[in-house]
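Come along as I look things up.

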Amino acid sequence: MSWSERIVVDPGVLVGKPIIKGTRISVELVIDLLARGYSEADVLDQYRHLTPEDIRACLAYASEVLRSEKVYALP
């Protein structure tokens with residue numbers, strides 16, 4: 001499964017932030033919860049309509065965005 005099957009951008013939902021398809025849950029929210037120490041089970045318990053695959057898609061999306069980021073060293 002590719003993250004692109006589960007993560008979409010719709011300008012009419014959350015001002016175009018990447019979201020989990022069919023929801024109003026942003027990738028940003030899921031990543032933030034995980035970074036704050038929530039476990040996958042905690043996220044799934046709080047957002048019962050999400051699946052483990054949705055969480056993995058959020059992580060894969062974030063990874064790809066960071067991988068494509070260009071960093072320029074300052075002199």
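**Threonine 23 and its surroundings**

I began with a side chain: a polar atom of threonine 23 lies 3.0 Å from the backbone nitrogen of isoleucine 25. The model I am reading is a predicted one.

The backbone oxygen of isoleucine 20 is 2.7 Å from a polar atom of the threonine 23 side chain.

Where does threonine 23 sit? I found it in the loop that runs between strand E2 (18-20) and helix H1 (27-35).

Is threonine 23 buried or exposed? I looked up its relative accessible area, which is 12%, so threonine 23 counts as buried. The cut-off I needed for that step is under 20%.

Next I asked which residues beyond its sequence neighbours touch threonine 23. Leaving aside those within four places in sequence, I noted contacts with Val13, His49 and Leu50.

**The nonpolar core**

Leu50 turned up again when I went to the largest nonpolar core, which has 14 residues. I wrote down Ile7, Ile20, Val30 and Leu50 as the ones that touch the most other members. Helices H1, H2 (40-46) and H3 (52-68) each bring at least two residues to this core. H3 gives the most, with four residues.

Setting aside neighbours within four places in sequence, isoleucine 7 is in contact with Pro18, Ile19, Ile20, Val27, Ala57, Cys58 and Tyr61.

**The whole chain**

Now I stepped back. I listed three helices and two strands in the protein chain, and their order along the sequence reads β-β-α-α-α.

For its extent, I noted that the C-alpha atoms fill a box of roughly 50 × 30 × 25 Å along the principal axes.

How many of the 75 residues count as buried? My entry says 27% of them.

I also looked at the contacts between residues at least 6 apart in sequence: 39% of these join residues at least 24 apart.

My last entry is about charge. The chain has 9 positive and 11 negative charges, and I found their mean positions 3 Å apart.

Note on methods
Residues are numbered from 1 along each chain as its sequence is written. This is a predicted model: local features need pLDDT of at least 70, side-chain atom pairs count only at pLDDT 80 or more; totals for chains, interfaces and linings use all residues. Side-chain values use heavy atoms; hydrogens and water are left out. Buried means under 20% relative accessible area, exposed over 50%, partly exposed in between (1.4 Å probe, protein chains only). Contact means heavy atoms within 4.5 Å. Lys and Arg count as positive and Asp and Glu as negative; His and the chain ends are not counted. The place of a charge is taken as NZ of Lys, CZ of Arg, CG of Asp or CD of Glu. A polar contact is a pair of N or O atoms within 3.5 Å; within protein, one must be able to donate a hydrogen and the other to accept it, and residues adjacent in sequence count only if both atoms are side-chain atoms. A nonpolar core is a set of buried Ala, Val, Leu, Ile, Met, Phe, Trp, Tyr and Cys residues joined through side-chain atoms within 4.5 Å.
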